[in-house]
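Welcome! Here is a short briefing to read beside the sequence and the 3D view. Take your time and keep the structure open as you go.

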Amino acid sequence: ESGLDDVYLVNGFEYVNRGGKKHVRIADLEGLHRAIGRYLLEKRLLSGRELRFLRHEILMSQKTLAELLGVGEQAINRWERDKSDIPGPALRLIRLLYLEHVKDGPSEIRETLQRIAAAEDDNRRATFRVNADAQWEAKEAA
């Protein structure tokens, strides 16, 4: 189910019969996926399938991940098919996105990367103002 060929379960599963066919039922599938994800975070390099697993776990399309990383969608596709190496900075951001996804609370890293991705195509003038609390803040341009 994970799409990873080198993951083996010692226990935590059982065989069940449904419709005359033998199926495997995994106890706490979500917990298993989190354990796999945390294991992958410790690896120095990720294979394409491992990257795809993490991307699926953070519920992100290739297009969205590409936008957040500042690369083309085809780069993500090539990485996932092991046609090119995943650059170190991209690996680090993918790991941070996964950690943010599995923690409780809002995802500050994802929100920040989304703002950066949106701002890259933005040609507005940077305008700042002092707010009611006497703090500088960015002001949206009209």
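**How the helices cross**

H1 and H2 cross in a left-handed way (left-handed if the near helix is turned anticlockwise from the far one by less than a right angle, right-handed if clockwise). Helices (H or I, at least four residues) and strands (E, at least two) are DSSP runs, numbered from the N terminus. This is a predicted model, in which local features need pLDDT of at least 70 and side-chain atom pairs count only at pLDDT 80 or more, while totals for chains, interfaces and linings use all residues. Residues are numbered from 1 along each chain as its sequence is written, and side-chain values use heavy atoms, with hydrogens and water left out.

**H1 with H2**

- The two helices pack at an angle of about 130 degrees, and their axes are 10 Å apart (axes are lines fitted to C-alpha atoms, for helices over the stretch in contact, and angles run from 0 to 180 degrees between N-to-C directions).
- H1 and H2 are therefore oblique to each other (under 35 degrees counts as roughly parallel, over 145 as roughly antiparallel, 65 to 115 as roughly perpendicular and the rest as oblique).
- On the H1 side the contact is made by His33, Ile36, Gly37 and Leu40, and on the H2 side by Glu50, Phe53, Leu54 and Glu57 (contact means heavy atoms within 4.5 Å).
- These residues divide into four nonpolar, two polar and two charged (Ala, Val, Leu, Ile, Met, Phe, Trp, Tyr, Cys and Pro count as nonpolar, Asp, Glu, Lys and Arg as charged, and the others, Gly among them, as polar).

**H3 with H4**

- The axes of H3 and H4 come within 8 Å and cross at roughly 110 degrees.
- That makes H3 roughly perpendicular to H4.
- This crossing of H3 and H4 is right-handed.
- From H3, Gln62, Lys63, Leu65, Ala66 and Leu69 meet Glu73, Ile76, Asn77, Trp79 and Glu80 of H4.
- The contact of H3 with H4 has five nonpolar, two polar and three charged residues.

**The core**

- The largest nonpolar core has 25 residues, and those with the most contacts inside it are Leu40, Leu54, Leu65, Leu69, Trp79 and Ile86 (a nonpolar core is a set of buried Ala, Val, Leu, Ile, Met, Phe, Trp, Tyr and Cys residues joined through side-chain atoms within 4.5 Å).
- H1 (29–41), H2 (48–57), H3 (62–69), H4 (73–80) and H5 (88–102) each supply at least two residues of this core.
- H5 gives the most to the core, with six residues.
- Beyond its neighbours within four places in sequence, Leu40 is in contact with Leu4, Leu46, Glu50, Phe53, Leu54 and Arg95.

**Covered and uncovered**

- Seven of the 10 residues in H2 are buried, and H2 is mostly covered (buried means under 20% relative accessible area, exposed over 50%, partly exposed in between, with a 1.4 Å probe and protein chains only).
- H1, H3, H4 and H5 are included in what covers the buried residues of H2.
- Arg44 lies in the loop between H1 and H2, and is exposed, with a relative accessible area of 70%.
- Not counting residues up to four places away in sequence, Arg44 touches Leu91 and Arg95.

**The whole chain**

- The secondary structure comes to six helices and four strands, in the order β-β-α-α-α-α-α-α-β-β along the sequence.
- Of the 142 residues in the chain, 27% are buried.
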